[in-house]
Amino acid sequence: MNLKLGYVILYSLDLSKTKHFYQELLGLTLRNEIGTYIEFETGNTILAFNTREDGRAITKLPIPDELRKEQTFELGFVTENVEMMIEKLRAAGVPVLLEPVEKPWGQKVAYVEDPDGHYIEICTPVG
């Protein structure tokens, strides 16, 4: 059996803010929008969002109502110019969690927070 990651779905408190962040600020292409469900093109894997309320209704999982500060994952977006993307996001009022820094392996990384508090890594390609 050969599994492939087809999509990631994150649950949002305010879908319009989330759509603005990913489409307008990060520049992702909107792939699909059906009611409270949206998808963005990100290469081989689709990045999707739904409201927390509809996520609970569809999955029957205990998706929390409120924002949570603790995170156990991050989304990484690769660009050749980390500084330019961080400045664009900062100018739009996006919280910058970590300014661009070069890692020992030569990759430049920075972190921001999306409207739902998810950690977003903006980084250069590895290698």
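Trainee: What share of the 127 residues in the protein is buried?

Mentor: Buried means under 20% relative accessible area, exposed over 50%, and partly exposed in between, with a 1.4 Å probe and protein chains only. Buried residues make up 35% of the 127 residues here. This is a predicted model, where local features need pLDDT of at least 70 and side-chain atom pairs count only at pLDDT 80 or more, while totals for chains, interfaces and linings use all residues. Residues are numbered from 1 along each chain as its sequence is written, and side-chain values use heavy atoms, with hydrogens and water left out.

Trainee: How is a pair of aromatic rings described?

Mentor: By the distance of the centres and the angle of the planes. Rings of Phe, Tyr and Trp (its six-membered ring) pair if their centres lie within 6.5 Å; planes under 30 degrees apart count as stacked, over 60 as edge-to-face and the rest as tilted. The whole structure holds five aromatic pairs. In one of them, Tyr22 and Phe49 are tilted, at 4.6 Å centre to centre and 40° between the planes.

Trainee: Which parts of the chain does the pair of Tyr22 and Phe49 link?

Mentor: Helices (H or I, at least four residues) and strands (E, at least two) are DSSP runs, numbered from the N terminus. Tyr22 lies in helix 1 (residues 15-25) and Phe49 in strand 4 (residues 46-51), 27 residues apart. Tyr22 also forms a tilted pair with Phe77, at 6.4 Å and 55°. Phe77 is in strand 5 (residues 74-78), 55 residues from Tyr22.

Trainee: Is Tyr22 buried or exposed?

Mentor: Tyr22 is buried, with a relative accessible area of 0%; Phe77 is buried at 16%.
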